[in-house]
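Hi,

Here is the structure I promised to pass on. Have a look at it first, and then read my notes below.

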Amino acid sequence: MSQDMKEKLEKYRTAPFDARFPNQNQTRNCWQNYLDFHRCQKALTAKGTDVTPCDWYQRVYKSLCPISWVSKWDEQRENGTFPGKI
């Protein structure tokens with residue numbers, strides 16, 4: 001993992017501004033980072049490489065998403081009923 005990514009993870013406090021989601025409502029930002037985290041893990045696991053870079057997405061979605069949403073989505077993924085494409 002690059003030194004730059006390690007530094008970003010160490011200095012992380014809250015989700016930074018994302019130009020794709022400029023409005024106050026951050027629901028879509030939460031959803032997209034949840035998907036990106038699981039896609040990243042799936043892709044890097046398939047390659048057999050370190051999944052540490054995926055931690056960035058996890059930190060962002062955990063700071064933006066209500067815990068109840070994440071719990072529901074995790075449960076849906078386990079049951080095979082998750083609506084998103086991972």
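Among contacts in the chain between residues at least 6 apart in sequence, what percentage join residues at least 24 apart? The figure is 65%, with contact meaning heavy atoms within 4.5 Å.

Before you go further, keep in mind that this is a predicted model, where local features need pLDDT of at least 70 and side-chain atom pairs count only at pLDDT 80 or more, while totals for chains, interfaces and linings use all residues. Residues are numbered from 1 along each chain as its sequence is written, and side-chain values use heavy atoms, with hydrogens and water left out.

Now the overall layout. The chain has 4 helices and 0 strands, so its elements read α-α-α-α from the N terminus on (helices are DSSP runs of H or I with at least four residues, strands are runs of E with at least two, and both are numbered from the N terminus).

Next, a helix pair. Two packed helices are described by the angle between their axes and the distance between the axes. For helix 2 (residues 27-47) and helix 3 (residues 55-64), the axes come within 8 Å and cross at roughly 150° (axes are lines fitted to C-alpha atoms over the stretch in contact, and angles run from 0 to 180 degrees between N-to-C directions). That makes the two helices roughly antiparallel, a label for angles over 145 degrees.

Who meets whom there? On the helix 2 side you'll find N29, C30, N33, Y34, D36, F37, H38 and C40, and they meet Y57, Q58, V60, Y61 and L64 in helix 3. The residues of this contact divide into 8 nonpolar, 4 polar and 1 charged (Ala, Val, Leu, Ile, Met, Phe, Trp, Tyr, Cys and Pro are nonpolar, Asp, Glu, Lys and Arg are charged, and the others, Gly among them, are polar).

- N29 sits in helix 2 and counts as buried because its relative accessibility is 2%. Its side chain joins that of Q26 in a polar contact of 2.7 Å (a pair of N or O atoms within 3.5 Å, one able to donate a hydrogen and the other to accept it; residues adjacent in sequence count only if both atoms are side-chain atoms). Leaving out residues up to four places away in sequence, N29 touches D18, F21 and L64.
- K42 is also in helix 2. A polar atom of its side chain lies 2.9 Å from the backbone oxygen of I86. K42 and I86 are 44 residues apart along the chain, yet their C-alpha atoms are separated by 7.8 Å.

Cheers

Key. Parallel < 35°, antiparallel > 145°, perpendicular 65-115°, else oblique. Buried < 20%, exposed > 50% of the residue type's maximum accessible area, 1.4 Å probe, protein only.
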